[in-house]
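Thanks, everyone, for making the time this morning.

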Amino acid sequence: MSRSAPDAAPPAASAAALPGQAERLLRQLEWTVIRRLDGLLQGDYRTLLRGGGLDLADLREYQPHDDVRHIDWNVTARLAVPHVRVFSEDREMAAWFLLDLSPSLDFGPPGQAKRDILAGFVAVLARLLTRHGNRVGAMLYGAGAASPAPAGAARAPGVDAILPPRASRAHVLHLLHRLLQVPGPAAAPPGATDLSHLLGTALGTVRRRSAVFVVSDFITAPGWEKPLAQLAQRHDVVAVRLLDPLELELPDVGLVTLRDPETGDQLQVDTRDKAFRHRFARLAAQREAALRESLARAGADTLELATGDDLLDALVRFMELRGRQPAKPAYRAPASPTVAGAAARAA
């Protein structure tokens, strides 16, 4: 079993998005999130995207916070004062969203499920990028054949649709509308998630260096680590990990039935058993550690978004994340137990 979670109420929205729903949601996000971020983003464009190239723009005296690798030793020797090179960054860079829309993303509180967090994050970030003239594309995976591909959207093996990069508000609305059209668990085809299909498609599709956001809960069949590492070698990769606190620690709610939303397998457990809850938390913590190690070894920055998180705070964390140079350690894929495996072993 690839994943297991308590049954959640089916989403209120049907497979077809309500008329104007994408426009209303984007307007709400523009008012409540984007406007409040404007002041933070001014003068700090590089926190969003790292450009594909650098040009020498100026020389200035060394400051304590400067990178010593940027010291110009020839100028320093002539002037007897340390000087550093200042670079201007190429802002023309496409961004790709690799979106895991598998049924497990419907887990979470009403209106704050992992799928809702995904839609809000993608809408805000895509709008911020397109306002600066950057092109934004997306690959949708896990929605199933019940979600038809619109006109102009391509398909590839392993993904449901590919939306080519474009830079406009209308394009962001088109992407958001696609996300709101995703069918619920009842309409999704059975089968375990395998992110390696999505990542492999991206490897063959995204040729020019780009910013790549892999948005998923990373509850998947093994084998995704290597293609993610290969993507990180070519592109600026950010793994946006979606999670719900109940996936890490179960409350005492008596007898519950855990159901895999992708295969339909069920497991009944007694959460009144304190020893069981401790075993579940321990196994979930082991999976967390293995997942974070895999992401770090792949060379991807990681941003965690939990259900109930404030989206503005999450974007501020993301900007702080972009201010750090990611390490590129050697790749080694460790074996990691899934949450479903943790529940089964704990039981």
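What follows is a short tour of this model.

Please keep in mind that this is a predicted model, in which local features need pLDDT of at least 70 and side-chain atom pairs count only at pLDDT 80 or more, while totals for chains, interfaces and linings use all residues. Residues are numbered from 1 along each chain as its sequence is written, and side-chain values use heavy atoms, with hydrogens and water left out.

The protein has nine helices and eleven strands, taken as DSSP runs numbered from the N terminus (helices are H or I, at least four residues; strands are E, at least two). Of its 347 residues, 50% count as buried, meaning under 20% relative accessible area with a 1.4 Å probe and protein chains only, where over 50% is exposed and in between is partly exposed.

Turning to the helix pair, the axes of helix 5 (residues 195-205) and helix 6 (residues 225-234) come within 9 Å and cross at roughly 30°, the axes being lines fitted to C-alpha atoms over the stretch in contact, with angles from 0 to 180 degrees between N-to-C directions. Helix 5 is therefore roughly parallel to helix 6, a label given to angles under 35 degrees.

Finally, Arg-297 lies in helix 7 (residues 274-297), and because its relative accessibility is 24%, Arg-297 counts as partly exposed. The C-alpha atoms of Arg-297 and Ala-229 are separated by 7.6 Å, although these residues are 68 apart along the chain.

Technical notes: Parallel < 35°, antiparallel > 145°, perpendicular 65-115°, else oblique.
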